[in-house]
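This report goes through helix packing, nonpolar cores and aromatic pairs. The sequence and the structure are shown first.

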Amino acid sequence: MSKDSLLVKQVTFIIVVRRIKLLGIAITVGLVAIYGMGLIVANNNVKENFEMVNLMTLAILIMTVPLSILIRNLLLKKVNMSNFQTTYFNAHIIPFAVMDFAALFCITTNLFVNGIILYASIGVVISVAGMILNFPKEEYFEKLK
């Protein structure tokens with residue numbers, strides 16, 4: 001492999017990483033925006049004997065963080081120099097989607113269905129942390145070489 005093609009691949013890799021980060025930031029901002037809007041209506045939605053469902057959605061979100069990291073790591077094992085554009089992208093987008101689903105489930109259940117602001121607040125912090133943990137790293141290119 002020539003130096004020139006390696007440099008081109010490295011630049012392409014950096015572009016892919018930035019696209020993934022942009023998408024991750026957009027998803028995270030969306031989660032925070034939904035949380036913010038949910039705070040407005042949270043006190044209007046109180047259902048009796050529904051706390052167990054609220055707590056279960058928070059537990060599912062907590063379990064989703066290590067699951068999404070596991071999925072990412074498994075998919076990263078399939079990445080090589082010839083397929084990194086699609087495979088590396090998918091190795092991050094799929095965990096983002098898993099985190100997004102669990103986070104939205106938790107936040108909407110705890111704010112829009114039954115207004116428990118504490119669980120929703122914990123949920124938004126966990127989901128933002130989970131998204132950040134799944135962000136791509138430009139240093140990964142060194143492992144590919």
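In which helix does Thr28 lie? Thr28 is part of helix α1. The model is a predicted one, and the values below are computed from it.

Thr28 has a relative accessibility of 13%, so Thr28 counts as buried. Leaving aside residues up to four places away in sequence, Thr28 touches Val128 and Met131.

Asn43 sits in the loop between α1 and α2. Its relative accessibility is 63%, and Asn43 therefore counts as exposed. Along the chain, Asn43 and Ile116 are 73 residues apart, while 8.0 Å separates their C-alpha atoms.

## Packing of α3 against α4

Helix α4 covers residues 117-133. α3 and α4 pack with their axes 8 Å apart and at an angle of about 170°. The angle is over 145 degrees, so α3 is roughly antiparallel to α4.

On the α3 side, the contact is made by Phe96, Met99, Ala103, Cys106, Ile107, Asn110 and Leu111. These meet Ile117, Tyr119, Ala120, Gly123, Val124, Ile126, Ser127, Gly130 and Met131 of α4. Sorted by class, the contact of α3 with α4 has twelve nonpolar residues, four polar residues and no charged residues.

## Packing of α2 against α4

How do the axes of α2 and α4 cross, and within what distance do they come? The crossing is at roughly 5°, and the axes come within 10 Å. An angle under 35 degrees counts as roughly parallel, and α2 and α4 are therefore roughly parallel to each other.

α2 contributes Glu51, Asn54, Leu55, Leu58, Leu61, Ile62, Val65, Ile69 and Arg72 to this contact. Their counterparts in α4 are Tyr119, Ile122, Gly123, Ile126, Ser127, Gly130 and Leu133. The contact of α2 with α4 divides into ten nonpolar, four polar and two charged residues.

## Nonpolar cores

The largest nonpolar core consists of 27 residues. Phe13, Val79, Tyr88, Tyr140 and Leu144 have the most contacts inside this core. At least two residues of the core come from each of α1, α2 (51-76), α3, α4 and α5 (140-144). The most is given by α3, with eight residues.

## Aromatic pairs

How many aromatic pairs does the structure hold? There are four. In one of them, the ring centres of Phe13 and Tyr88 are 4.7 Å apart and the planes stand at 45°, so this pair is tilted. The pair links distant parts of the chain, since Phe13 belongs to helix α1 (residues 3-41) and Tyr88 to helix α3 (residues 84-113), 75 residues apart.

Phe13 and Tyr88 are both buried. Together with Phe84, they form one aromatic cluster. With residues up to four places away in sequence left out, Tyr88 touches Phe13, Val16, Val17, Ile20, Leu76, Val79, Asn83, Pro136, Lys137 and Tyr140. Among these contacts, Phe13, Val79 and Tyr140 are listed with Tyr88 as having the most contacts inside the largest nonpolar core.

Notes: Residues are numbered from 1 along each chain as its sequence is written. This is a predicted model: local features need pLDDT of at least 70, side-chain atom pairs count only at pLDDT 80 or more; totals for chains, interfaces and linings use all residues. Side-chain values use heavy atoms; hydrogens and water are left out. Rings of Phe, Tyr and Trp (its six-membered ring) pair if their centres lie within 6.5 Å; planes under 30 degrees apart count as stacked, over 60 as edge-to-face and the rest as tilted. Helices (H or I, at least four residues) and strands (E, at least two) are DSSP runs, numbered from the N terminus. Buried means under 20% relative accessible area, exposed over 50%, partly exposed in between (1.4 Å probe, protein chains only). Axes are lines fitted to C-alpha atoms, for helices over the stretch in contact, and angles run from 0 to 180 degrees between N-to-C directions. Angles under 35 degrees count as roughly parallel, over 145 as roughly antiparallel, 65 to 115 as roughly perpendicular and the rest as oblique. Contact means heavy atoms within 4.5 Å. Ala, Val, Leu, Ile, Met, Phe, Trp, Tyr, Cys and Pro count as nonpolar, Asp, Glu, Lys and Arg as charged, and the others, Gly among them, as polar. A nonpolar core is a set of buried Ala, Val, Leu, Ile, Met, Phe, Trp, Tyr and Cys residues joined through side-chain atoms within 4.5 Å.
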